[in-house]
Amino acid sequence: MASLAPTPTSDYRGRLAPSPTGYLHVGHARTFWTAWQRARDAGGALLMRMEDLDPERSKPAYAEAAYDDLRWLGIRWQEGPDKGGPCAPYVQSRRRSVYLAAWRVLLKRGFLFPCRCSRKDLASALAAPHERATRQGPGAASGGKLDIEDDEPIYPGTCRRLEGFAPESPGLRAYQNETPEGFNWRFRVPDGEVVEFVDRNLGPQRFVAGEDFGDFVVWRRDGVPSYQLACVADDWAMGITEVVRGADLLKSTARQILLNHALGYPNPAWFHCRLVVDHNGRRLAKRYDALSLRSLRQQGLTPMNILSAQLPEEG
């Protein structure tokens, strides 16, 4: 099996970014395999970044299992928590200073506002079924359409115009502290702005800020940065030139393009893999263990079985 060159021969930099909140499943395997292939074929570098920002669900055992499962598949990387590298640390829970710096820039430039809404205040929105959007584009799902599951209900705008944080008076006037604790900090999306990009796998994508997604959280009141902010800050700091991930994150890409613009970061290229579903047509999730790599390995399946979709029927 061909592997990554010890010394990259191009400027390509990709990443593997597992979250240690459960065991990896078949969908993860195929996405990470694609990321490895693209880095290898480009003669570039591939790094491992452990995205362990969820303090309640992230477990060291899941992180170790991810390393083991990916190596079992034949995937290798040149930088990471186990190897070190010029962009260390490669574990998000140890990169708080990077995210704070990005948060301060966004706050100073007037892109953020503090949200005082409690869970109870937002209960009606959070309890609603996930919004589903249909996008047209080459290479989309059957019938030319790709069904995208949103990961955050559209915020109703309750705290958008708090004194000192309205668009006409951005900045630090109402908030002088150096840390974001105590509020959910949201990014004020430019209502009506069209966010377009060409995905290297699924073709042209188009989202409208304020319609397809609303003001989104970049820092939680418990002191944890959001996936959106951490991902953008890390991809820039680590010099990532192409992001390979699942198609369920297409809408997150639109949000991250807005963050990159606000922070002055260049956008990487995007490659979103089609989602893997089980025999009942359900999107795979870590809470369903039947198709986890751990379980399939125990059943005697090989990496080739998993990567070629030769999977057992569920009972």
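**Close-up views of a predicted chain**

**View 1. Helix α3 and its packing partners.** The buried residues of α3 pack against β3 (112–115), β6 (184–187), β9, α5 and α6 (250–263). Helices (H or I, at least four residues) and strands (E, at least two) are DSSP runs, numbered from the N terminus. Buried means under 20% relative accessible area, exposed over 50%, and partly exposed in between (1.4 Å probe, protein chains only). This is a predicted model, in which local features need pLDDT of at least 70 and side-chain atom pairs count only at pLDDT 80 or more, while totals for chains, interfaces and linings use all residues. Residues are numbered from 1 along each chain as its sequence is written, and side-chain values use heavy atoms, with hydrogens and water left out.

View 2. Look here for Y99, L100, A102, W103, L106 and L107, which are buried in α3. Seen down the helix axis, the buried residues fall within an arc of 165° (taken from the directions from the axis to the C-beta atoms), so they line one face of α3. S97 and K108 are exposed on the other side.

**View 3. The length and end of α3.** Helix α3 covers residues 96–108, 13 residues in total, and reaches 18 Å from its first C-alpha to its last. That is close to the 18 Å expected at 1.5 Å a residue, where the expected span is 1.5 Å times one less than the number of residues. Just after α3 comes G110, with a positive phi of about 85°.

View 4. A233 sits in α5 (residues 227–237) and is buried, with a relative accessible area of 1%. The C-alpha atoms of A233 and N260 are 8.5 Å apart, although 27 residues separate the two along the chain.

**View 5. D212 in a loop.** D212 lies in the loop between β8 (203–208) and β9 (216–219). Is D212 buried or exposed? At 12% relative accessibility, D212 counts as buried. Its side chain reaches the backbone nitrogen of V208 at 2.7 Å.

**View 6. Back to the whole chain.** Stepping back, you can find eight helices and 11 strands in the chain. Of its 315 residues, 51% count as buried. Residues 24 or more positions apart account for 75% of the contacts with a separation of 6 or more.

Key. Polar contact = N/O pair within 3.5 Å; in protein donor to acceptor, adjacent residues only side chain to side chain. Contact = heavy atoms within 4.5 Å.
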